[in-house]
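Please have the sequence and the structure open while I talk.

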Amino acid sequence: MNVTLIDSPVANVANIARALRAAGAELQVTSDADAIARASRIVLPGVGSFIAAMTWLEETHIDAAIREAVERDAFLLGICVGHQLLFDVSHEMGTTAGLGLVRGEVRKYEGPLPVPQIGWNRVDARGPLFEGIAPATPFYFVNSYAARGAESEVARADYNGAFTAAVQRGRIFGVQFHPEKSSTAGLRVLRNFVQCN
Amino acid sequence: MQLIPSLDLLNGRVVRLTHGEFASARVYGEPEAVLDALDVPRGARLHVVDLEASRSGRPIETDIVRRLSRRDLIVQVGGGIRSIDDAQRWLDCGAERLVVGTVAASAPALLASLVETFGAGRIVPAVDIRDGVVRIDGWERASSTSMREVFTRIESLGVPEVLVTDISKDGALRGPSFALYRELRAMTRLKIIASGGVSTASDVVSLSRLGNVSACVIGRALLEKRIRLSEITVSNSIPERIIPCLDVRGGRVVKGVSFTNIRDAGDPVECAMRYEAEGADELVILDIDRGTDRDTIRRVADAIFIPLIVGGGIRTLDDFRAMLRAGADRVAINTAALLRPELIRECAEEFGVQAVVLSCDAKDGLATIRSGSEVTHADAVEWCRRAEALGAGEILLTSVDRDGTNRGFDIELLRSVTSAVKIGVIASGGAGRVEDFRDAIESGGARAVLAASLFHDRVLTVGDVKRHLQTEGIPVR
């Protein structure tokens, strides 16, 4: 299956590319807005700050390209900060509008456990992205911010309270964890995305 | 898991004894003022011990208990309850529950009649233990009754809980007596209220994982503000990580004892793949040549789908960036950070807090540099605390003395660091048996445990360690 991986300078694209290939993707890695607008299956990675990632999407017009692809019914998967970019807004370093493809807001974890969360955490999930994944399977997270109780939530984990570990709205998916670092469970999620139709 | 703050009273004031010695009493102040400072939530249980009563055998601090009982708290009182009349006096003061120690061991008939008179729900038998022997009379005498007999007797009374204090741990802030509570798990079905030594949030999590501990009493650690009740959450199901380490030199895996006597142990890519297949949660590659062998990092990163920490010879932001580009998820820095601590802040700002691992090689409590060969003047605990403030996301703490010895982790060193910082600590140096991994997490408060030679030499597999942790109630992936 053909997959277009957005070649963001604010993401570890090489690791995700490797994992997607292992999951069976025929990969095109690009930052060309026109190519992304025409793509049928897109992966939006991201690490670092929300505002840096969103600014880059706007400057390159990839934000518009993603919206265009989504309107043509393309499949989209956001990973980590890429997942956060799908939401209406993030409150990391001030308030920044996201792509607005799923409803909800991204906020900092507050609570007694150390932030950022670094490590494996159990995820309770449903839906096509998690087919074949047992309940409470651990995935690898590295994040200081997350959405809580999002409308499109399909997976939930607990860290300083319950948070949204994955969302799905139609063909738009987002995962807060790093599937490319979550061993066999992560590769299964990527394969599910690569194959879903 | 209920948290029960504890106030020990002597001469109208809150005090703490160390090892139960009256001569060692340290005064904290008036009970109400002390209580106000603890932020005890409404409706919580409060444990009050009348120390003089426990020694003299009659209720003394009745006025204080009357005043504390008027607050929205469930007050349980202990000390000197040796008759139905004593018990009635405390209940008349407003106490909800009575903690009875000495009679539980020495006067079973009285304990039975207390339960019969006031109900099993209002009596909390207490057993004080030192070195496997039950103590009575304010800890001053050894009981002639064995531990097993005392617990069997208490269980037959139908009370739901028993309060167990390990006197050797009490007030010492060295952690609770996990071994004792584990022993009791096999001895009795009673739920245990653990008392003595609880000094970190991690202690509470570890106690809750034992399965037979329903509550814990926290005294000195609260009074000295080492922990706050609001900081304790019992999120005890987040998996703990097992991390094999590859010490690499010239593109080969090597392993030495205390950083010397290096010997060859194989190909890093093969080792890394084997570890992932065994269930490793993360990998560490330390380049002990102090060079940055990017090619090896790239080859390993290409072969695995778990996170990779790389360390060794990272001097500058550019070195750090090069490792991330080669495929590392996180980078450990040691020598360069000790020589110029600002490097931690710079890396955290450039690459994010999560990418920065402070590697601290401790020897006799001091941080060392250049692979443990040079001791600095920096206190290891203080250095870790400072590194956290500068932006380190996690600490890789290695005991240089234990490294490669298989003698177990340095639990004291671990506790001193894990109780000083909020970020996670990876325990390293000394793993030899599966129990060592348990102790590093349970007693040491580590959020991850690292081993090198043990896994290389296939003395244990990652799977062996995880199976053991699981049977001990410690969650793993």
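This is a predicted model: local features need pLDDT of at least 70, side-chain atom pairs count only at pLDDT 80 or more; totals for chains, interfaces and linings use all residues.

**Cores, domains and chain A**

Let me start with Leu358(B), which, leaving aside residues up to four places away in sequence, touches Ile333(B), Ala337(B), Ile344(B), Cys384(B), Ala387(B), Ala392(B) and Ile395(B), where contact means that the C-beta atoms, placed from the backbone, lie within 7 Å. Residues are numbered from 1 along each chain as its sequence is written, and chains are lettered from A and ligands numbered from 1 in the order in which they are written.

Leu358(B) is, together with Leu283(B), Val331(B), Ile395(B) and Val449(B), among the residues with the most contacts inside the largest nonpolar core, which has 151 residues. By such a core I mean a set of buried Ala, Val, Leu, Ile, Met, Phe, Trp, Tyr and Cys residues joined through C-beta atoms within 7 Å, and buried means that 20 or more other C-beta atoms lie within 10 Å of the residue's own, against 12 or fewer for exposed and anything in between for partly exposed.

Chain B is assigned domain 1 (2-231) and domain 2 (241-471), with bounds that come from an automatic or database domain assignment. The C-alpha centres of these two domains of chain B are 41 Å apart, and their contact takes eight residues from domain 1 and six residues from domain 2.

Turning to the other chain, the contact between the chains takes 24 residues from chain A and 27 residues from chain B. Chain A has six helices and 13 strands, counted as DSSP runs numbered from the N terminus, with helices being H or I of at least four residues and strands E of at least two. Of its 197 residues, 56% count as buried.

Is Tyr159(A) buried or exposed? Tyr159(A) counts as buried, because it has 21 C-beta neighbours inside 10 Å. Tyr159(A) sits in the loop between strand 11 (153-158) and strand 12 (162-169) of chain A, and, again not counting residues up to four places away in sequence, it touches Tyr109(A), Leu113(A), Gln117(A) and Asn121(A).

Conventions: Two residues are in contact if their C-beta atoms, placed from the backbone, lie within 7 Å.
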